[in-house]
Amino acid sequence: MSQTAATELSVAEFASRARAWLADNMPRLDPQQPPRNGRDDEGAWQRARELQRRLFEGGFAGICFPREYGGLGLDIGYQKAFDIESDGYEMPLILNVPTFTICCATLLDTGSEEQKREHISAALRGDEVLVQLLSEPSGGSDLAGLITRADRDGDGWVISGAKTWSTSAFAADYGLLLARTDVTVPKHDGLTMFLMPIDAPGVTLRRIEQVDGSNEFCEEFFDGLRLGDDAVVGEVNKGWDVASRLLFHERRAVGQGSEFASGRGAERTEMAAGDFLTLAADAGTADDPVTQDKIGRVLARRMVRDCLVDHVGRAMRTGALPPAAGSLIRLFHSDVTFLEVDTATEVAGPLGVVGPAADEAQLLKVGKRYLSRQTVALGGGSNEMARNVIAERVLGLPREYAADRGVPFNQVRHNRA
């Protein structure tokens, strides 16, 4: 389907065409043989690239991205219709976060025309995976206090420092790297965002093994990494503007509110109502009224969340709510996920932490997922940071005191190792 043809279709006509195309071109999900979709599985990333190429060639990639950058230029109603039709098919869901919903969305808002034409279109074709390189080993939650340096050297830049907790960086081609380019001004004013090749000379990448056995997150060390001026996203020393826009997109993505996500399914990691009932049956509590009530609370809370996502997303698009309101859906999504994981753990009981029979593997998955439940309270900034953003930038409450506000970065006191 051509881009021009897509723009001439109503939502219903678009959904009908998508339904027919999906049936002919995309593999159906087999519950007995689920696809490889672990984010730490290199094979899953290759499969995602392949499926993304199919979507692009079929004219269903980047539904809400502008046509000039490889998308269809349609509004979110078309994307939602496609998501409904694609339910039950294998989709490249792991490309949604952070490639499309965070990195490409940020480039769309802040990148140069050349960066948008090259990298957004490459991602939509399945040729590139993009990630963000923000957090640092000593940075805590103060992103603007980062110490990775980018020093001017002739007509380019030399990067030195380290990043950590970079989601899926091992599978990526490019990363959005925030670095300090001026230490003589307050911390927010001396930052610059760069778009860098992950495999560039001067970059050492290591994967981090977590308590649940996964190793999706990575850490990167920069020693003599050289980048040209064409790698700058936005303006030199205006990187906080780019980072703020990236955080806006990240919070919407984490809260499931981005129009740039495509498809729905296992990447969301939510248990369906049927999954809960199967879990209760395996644990022998399916007829227990208390268990049924707990499951009902999870499903009801999800309905509230989905309504909140639609309401806040629409309000931000119309300007009724500021961009910072994305923290509302980010925070509530965390709350719902905690309730879901905790409820599933309660339903599974001891069987969630001991080795069940092979046909009861779902029980053990529940216990394993509990080990990483805290990640949803950290992605896109911690829950505490989200509450601060809501208080200060949505409700207009007074800002917290900060000793380094307005102080040149090289005059700020830092802890010494």
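**Questions on a predicted model**

Modeller: In this predicted model, helix α5 meets helix α7 through Val97, Thr101, Ile102, Ala105, Thr106, Asp109 and Thr110 on the α5 side and Val242, Arg245, Leu246, His249, Glu250 and Ala253 on the α7 side.

Biologist: What makes these residues a contact between α5 and α7?

Modeller: Contact requires heavy atoms within 4.5 Å, and the residues named in α5 and α7 meet in this sense. By class, they comprise 6 nonpolar, 4 polar and 3 charged residues. The axes of α5 (residues 96–110) and α7 (residues 239–254) come within 9 Å and cross at roughly 145°. The crossing is right-handed.

Biologist: What is the form of the peptide bond that joins Val97 and Pro98?

Modeller: That bond is cis, with omega at about 5°. Pro98 belongs to helix α5.

Biologist: Why is Cys103 called buried, and why is Cys307 called exposed?

Modeller: Buried means under 20% relative accessible area, and exposed means over 50%. Cys103 has 0%, so it counts as buried. Cys307 has 55%, so it counts as exposed.

Biologist: How do you know that strands β2 and β3 pair?

Modeller: Pairing requires at least two bridges, and 5 bridges join β2 (residues 149–153) to β3 (residues 156–167), so the two antiparallel strands count as paired.

Biologist: What is the phi of Ser168, and what is that of Asn237?

Modeller: Ser168, which is not a glycine, has a positive phi near 60° and is found in the loop between β3 and β4. Asn237, also not a glycine, has a positive phi of about 65° and lies in the loop between β8 and α7.

Biologist: Why is Ser168 called buried and Asn237 partly exposed?

Modeller: Ser168 has 0% relative accessibility, which is under 20%, and therefore counts as buried. Asn237 has 25%, which falls between 20% and 50%, and so counts as partly exposed.

Technical notes. Residues are numbered from 1 along each chain as its sequence is written. This is a predicted model: local features need pLDDT of at least 70, side-chain atom pairs count only at pLDDT 80 or more; totals for chains, interfaces and linings use all residues. Side-chain values use heavy atoms; hydrogens and water are left out. Helices (H or I, at least four residues) and strands (E, at least two) are DSSP runs, numbered from the N terminus. Buried means under 20% relative accessible area, exposed over 50%, partly exposed in between (1.4 Å probe, protein chains only). Axes are lines fitted to C-alpha atoms, for helices over the stretch in contact, and angles run from 0 to 180 degrees between N-to-C directions. A crossing is left-handed if the near helix is turned anticlockwise from the far one by less than a right angle, and right-handed if clockwise. Ala, Val, Leu, Ile, Met, Phe, Trp, Tyr, Cys and Pro count as nonpolar, Asp, Glu, Lys and Arg as charged, and the others, Gly among them, as polar.
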